[in-house]
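Subject: Handing over the model

Hi there,

Here is the structure I promised you. Please have a look at it first, and then read on for my notes.

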Amino acid sequence: MASLSCLVLLSLIFSNFAHSLAGYYTSKPLAYNVPKKPMNVIDSCWRTKSDWAINRKALADCVVGYGKATLGGKYGAIYVVTSPYDDPVNPKPGTLRYGVIQSVPLWIIFARDMVIKLKNELIVNSFKTTDGRGAKVEIAYGPCITIQGVTNVIIHGISIHDCKPGMAGRVRSSPTHVGMRGGSDGDAINVFASSNIWIDHCYLARAKDGLIDVIHASTSVTISNNYFTQHDKVMLLGHNDKFIADKVMKVTLVFNHFGEGLIERMPRVRIGYAHVANNKYDEWKMYAIGGSANPTIFSEGNNFVAPDNRSSKQVTKREATNWQNWKWQSSKDVFINGAYFVPSGYGSSAPLYTRVQSFTVAPGYMVPVLTSNAGPLRCLVGKPC
Ligand SMILES: *[C@@H]1O[C@H](CO)[C@@H](O)[C@H](O)[C@H]1NC(C)=O
């Protein structure tokens with residue numbers, strides 16, 4: 001009775017809403033009528049569940065696109081990082097490096113917030129998930145992540161920024177192998193000759209080289225829900241124009257937010273295939289999507305906001321003169337502030353996903369909502385995230 005009179009009072013005060021409130025209290029309680037913010041298909045698979053912290057491995061089932069089969073550490077034990085300390089040759093138990101080099105599957109989580117300044121590149125072994133949920137985890141100010149010659153790696157909810165080149169020297173890549181490294185380029189994440197890789201909800205900014213490189217015949221990769229900012233050459237897919245083994249490369253880029261201060265390569269593709277879907281582009285200095293050596297690109301349901309510079313409105317850039325037959329197509333994209341996509345080629349550039357890989361691509365106008373939580377999430381134990 002009290003709540004009913006309260007509603008009546010409210011409807012008197014807010015006379016504009018009186019009509020709709022009357023509609024509510026005669027049918028069902030008000031709360032059910034508050035529209036929930038739509039979540040994208042990856043997030044709605046797990047973020048609504050309050051048991052995420054005791055059921056962490058359920059995340060591995062949520063990936064869509066070419067990285068769909070990525071297991072990460074799904075069939076391994078939980079390993080807890082308790083220390084930000086790093087020793088590239090003889091890593092100590094409790095450090096991130098000790099976890100990622102193991103030859104058994106592991107689901108790696110963090111006991112507390114930490115900034116990990118690596119002393120050399122972090123070489124990740126197969127079947128590992130690095131899961132930052134529940135802590136604020138940064139890999140920063142030193143060399144960053146190398147995923148080389150392996151499979152089944154998930155990186156979720158980590159900030160990777162201000163990455164420096166790796167030093168020439170010895171770095172352990174498994175319990176039984178220490179390799180002599182030539183020094184890494186300074187990418188935030190370098191995916192080299194690897195497959196079944198999923199990078200989700202990371203923050204990526206200010207690296208010496210690229211933020212994410214997927215090269216040297218890597219394939220079956222999904223890059224989703226990441227927040228990219230303050231960087232020149234954002235993402236390279238494909239090693240070089242002569243490396244024809246990259247023909248196998250298939251990458252899904254979905255629900256990412258390309259924020260302020262980015263210049264080019266979101267992504268830059270060579271030879272292989274990229275499905276670029278439902279990403280938000282705030283602006284770019286030079287171009288958003290580019291490439292060379294006849295890559296195939298399907299841009300679907302993205303939200304492109306061009307920069308104010310009248311010479312940089314074009315989304316696309318070809319690093320060649322003879323590109324008229326390259327298959328680059330746009331569908332359901334939204335173009336704002338004069339942005340435009342120059343298509344080329346004939347025939348379908350659709351991703352031809354298997355049933356389990358496929359997902360519904362939303363129209364581009366929904367992308368600001370679908371990407372509104374890109375980057376690491378603040379997840380509280382016992383609550384939906
Ligand atoms: C506008 O874009 C063009 C082409 O990318 C570039 O050469 C020029 O410097 C830009 N102008 C400004 C003011 O940023």
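Let me start in a loop: Pro267 sits between strand S22 (262–264) and strand S23 (268–270), where strands are DSSP runs of E with at least two residues, helices are runs of H or I with at least four, and both are numbered from the N terminus. The peptide bond that joins Met266 and Pro267 is cis, with omega at about 5 degrees.

Before the rest, two notes on the source. Residue numbers start from 1 along each chain as its sequence is written. The model is predicted, and local features need pLDDT of at least 70, side-chain atom pairs count only at pLDDT 80 or more, while totals for chains, interfaces and linings use all residues.

The whole chain

The protein chain has four helices and 31 strands. Its radius of gyration is 23 Å, close to the 21 Å that the globule rule gives for 385 residues, so the chain is as compact as a globular protein of that length. That radius is taken over C-alpha atoms, and the rule is 2.2 Å times the number of residues to the power 0.38. Along the principal axes, the C-alpha atoms fill a box of roughly 75 × 55 × 40 Å.

Of the 385 residues, 50% count as buried; here buried is 20 or more other C-beta atoms within 10 Å of the residue's own, exposed is 12 or fewer, and partly exposed is in between, with C-beta atoms placed from the backbone. Among contacts between residues at least 6 apart in sequence, 65% join residues at least 24 apart. A contact means that two C-beta atoms, placed from the backbone, lie within 7 Å.

Domains

The chain is divided into domain 1 (1–34) and domain 2 (39–370), with bounds from an automatic or database domain assignment. Their C-alpha centres lie 47 Å apart. UniProt, in an unreviewed entry, places the feature "domain: Pectate lyase" at residues 113–310; its positions are given in the numbering used here, feature names are shortened, and annotations may be inferred rather than shown by experiment. That span is 0% helix and 51% strand, and its end C-alpha atoms lie 43 Å apart.

Residues to look at

Which strand holds Asn196? Asn196 is found in strand S13 (residues 195–200), and it has a positive phi of about 55 degrees although it is not a glycine. Asn196 is buried, with 24 other C-beta atoms within 10 Å. Leaving out residues up to four places away in sequence, Asn196 touches Gly67, Ala69, Thr70, Thr151, Asn152 and Ser220. Asn196 and Ala69 are 127 residues apart in sequence, yet 6.3 Å apart in space, C-alpha to C-alpha.

Lys332 also has a positive phi, about 60 degrees, and is not a glycine. Lys332 lies in the loop between strand S30 (328–331) and strand S31 (334–336) and counts as partly exposed, with 17 C-beta neighbours inside 10 Å.

Val89 is in the loop between strand S1 (77–81) and helix H3 (96–100). Val89 is exposed, with 12 other C-beta atoms within 10 Å. Beyond residues up to four places away in sequence, Val89 touches Arg170, Arg172 and Val178. Val89 and Tyr66 are 23 residues apart in sequence and 34 Å apart in space, C-alpha to C-alpha.
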